Amino acid sequence: PRTLQTFLTENRCPVRPSANRLRRNFVVTLLDAHLPLQVIMEVGGFTSAQGLNPYLPFAAAPRVDSPAT
């Protein structure tokens, strides 16, 4: 962890990495991959599907012209 913190301190960028941002990106990537809900819940550590609600606005909208999977 110290090596990572040192790197982030020495290499400033406009958007700082954070655990929340990394988790949101991870969960949205799972949603965008159209994985089964049970897989997303298990891999993401969710105990109910309602826990996914905060991530849904960031997920890509399904395309109307694509077949359902």
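1. Start with Leu-30. If you skip its neighbours within four places in sequence, Leu-30 touches Leu-35, Ile-40 and Val-43; contact here is heavy atoms within 4.5 Å. Before going on, note that this is a predicted model, with local features needing pLDDT of at least 70, side-chain atom pairs counted only at pLDDT 80 or more, and totals for chains, interfaces and linings using all residues. Residues are numbered from 1 along each chain as its sequence is written, and side-chain values use heavy atoms, with hydrogens and water left out.

2. Leu-30 also belongs to the largest nonpolar core, a set of nine residues: Val-27, Val-28, Leu-30, Leu-31, Ile-40, Met-41, Phe-46, Leu-52 and Tyr-55. Such a core is a set of buried Ala, Val, Leu, Ile, Met, Phe, Trp, Tyr and Cys residues joined through side-chain atoms within 4.5 Å. The elements giving two or more residues to this core are α2 (19-32) and α3, and α2 gives the most, with four. Helices are DSSP runs (H or I, at least four residues), numbered from the N terminus. As background, nonpolar side chains tend to be buried together in soluble globular proteins.

3. Phe-46 deserves a look. It sits in the segment after α3 and counts as buried because its relative accessibility is 13%; the cut-offs are under 20% relative accessible area for buried, over 50% for exposed, and partly exposed in between (1.4 Å probe, protein chains only). Beyond neighbours within four places in sequence, Phe-46 contacts Arg-23, Val-27, Ile-40, Met-41, Gly-51, Leu-52 and Tyr-55.

4. What kind of aromatic pair do Phe-46 and Tyr-55 form? The count comes to one aromatic pair, and Phe-46 with Tyr-55 is edge-to-face, at 5.8 Å centre to centre and 75 degrees between the planes. The rule pairs rings of Phe, Tyr and Trp (its six-membered ring) with centres within 6.5 Å; planes under 30 degrees apart are stacked, over 60 edge-to-face, the rest tilted. Both partners, Phe-46 and Tyr-55, are buried.

5. Now the outside. Phe-26, Leu-35, Val-39 and Val-43 make a nonpolar surface patch with about 310 Å² of accessible area together. Val-39 lies in helix α3 (residues 37-44) and is partly exposed, at 36% relative accessible area. Areas are Shrake-Rupley with a 1.4 Å probe, and for residues only the protein chains shown count as cover.

6. One backbone point: His-34 has a positive phi of about 60 degrees although it is not a glycine. His-34 is in the loop between α2 and α3 and is exposed, at 56% relative accessible area.

Key: Patches are made of residues with over 30% relative accessible area and no salt bridge: like charges are joined within 9 Å, nonpolar side chains (Val, Leu, Ile, Met, Phe, Trp, Tyr) within 5 Å. A salt bridge is a side-chain nitrogen of Lys or Arg within 4 Å of a carboxyl oxygen of Asp or Glu.
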